[in-house]
Amino acid sequence: RLTPLTARLLLRLVAADGEAVTARRLYLDVWQPTVELPHQDLRNRNEVQKRILELRRAFDRAGSGHGARILRTGRLPTARGAESTYRLDLSDDELDSAVFTRLVGDALRAAPASAVRLLTDALRLWRGRPLTEVRDEEFARAPVRRLTQLRETALRELIAGHTALGRYDLALPVAEQTARERPDDPEAAAALARLNARLRERHGDELLRHTLRGLR
């Protein structure tokens with residue numbers, strides 16, 4: 001379990017998408033001081049370093065040395081002198097948003113049956129809004145927007161994949177979900193209407209009966 005400031009620091013590094021971030025930038029974005037006091041830089045750097053150490057200890061619980069491997073320290077020459085930088089060095093399978101992005105990208109190049117499988121796996125990773133604790137922060141807006149748009153693409157392509165395979169009944173709940181989430185989107189409403197029409201054509205003459213057991 002991370003303290004709130006350390007969790008925000010981790011999310012700031014996730015939002016950087018592998019890029020190095022200076023300690024000064026981390027302090028400004030995570031602590032959000034309302035006023036900058038003179039001669040405060042050293043104390044601010046110490047605050048950042050304490051949280052970095054906490055993160056490394058948390059990563060080390062997965063195995064000795066993980067903290068130093070995952071959370072890298074660097075130096076960046078600036079007009080103010082050399083500044084410490086920090087970045088997350090993660091493989092593609094160590095960050096769920098990276099796995100999600102890769103699966104959706106692979107699906108866009110795949111045949112319908114493979115695309116449906118990849119998109120289904122990708123959407124299983126979705127747990128509500130990305131970076132939810134910091135989604136309104138300036139540094140999080142770009143990655144949140146990218147992931148949200150990618151999810152909309154995944155839902156749209158999943159509907160198209162099921163439809164191409166003639167699985168209208170499997171496409172229907174995805175289309176209903178999309179229409180609920182985007183009530184003002186005419187494309188989502190049209191896709192749902194097309195699926196309902198195709199299902200009526202296929203099952204219009206059938207009487208469907210389902211027994212609900214255990215009811216009084």
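How many positive and how many negative side chains does the protein chain have, and how far apart do the centres of the two sets lie? Working from a predicted model, I counted 39 positive and 31 negative side chains, and I found the centres of the two sets 4 Å apart.

Next I looked up the overall form. The C-alpha trace spans about 80 × 45 × 40 Å along its principal axes, and the radius of gyration is 24 Å, whereas a compact globule of 216 residues would have one near 17 Å. I noted that 37% of the 216 residues count as buried, and that the chain exposes about 14,200 Å², of which carbon and sulfur atoms supply 50%.

Then I turned to the elements, and I found 9 helices and 3 strands in the protein chain. From the N terminus on, I read their order as α-β-α-α-α-β-β-α-α-α-α-α. Among contacts between residues at least 6 apart in sequence, 52% join residues at least 24 apart.

Last, I checked helix α1, residues 4-15. At 1.5 Å a residue its 12 residues should span 16 Å, and because its end C-alpha atoms are 16 Å apart, the expectation agrees with the model. The buried residues of α1 are Thr-6, Arg-8, Leu-9, Leu-11, Arg-12, Leu-13, Val-14 and Ala-15. What covers these buried residues includes the strands β1 (21-22), β2 (71-76) and β3 (83-88), along with the helices α2 (23-31), α3 (41-60) and α7 (138-164). After α1 comes Asp-17, where I noted a positive phi, near 55°.

Terms used: Residues numbered from 1 in each chain as written. Predicted model: local features only at pLDDT ≥ 70, side-chain atom pairs only at ≥ 80, totals over all residues. Heavy atoms only, no water. Helix = DSSP H or I, 4+ residues; strand = E, 2+ residues; numbered from the N terminus. Expected span 1.5 Å × (residues − 1). Buried < 20%, exposed > 50% of the residue type's maximum accessible area, 1.4 Å probe, protein only. Contact = heavy atoms within 4.5 Å. Rg over C-alpha atoms; globule rule 2.2 N^0.38 Å. Areas by Shrake-Rupley, 256 points an atom, 1.4 Å probe, with all protein chains shown as cover. Lys, Arg positive; Asp, Glu negative; His and termini not counted. Charge placed at Lys NZ, Arg CZ, Asp CG, Glu CD.
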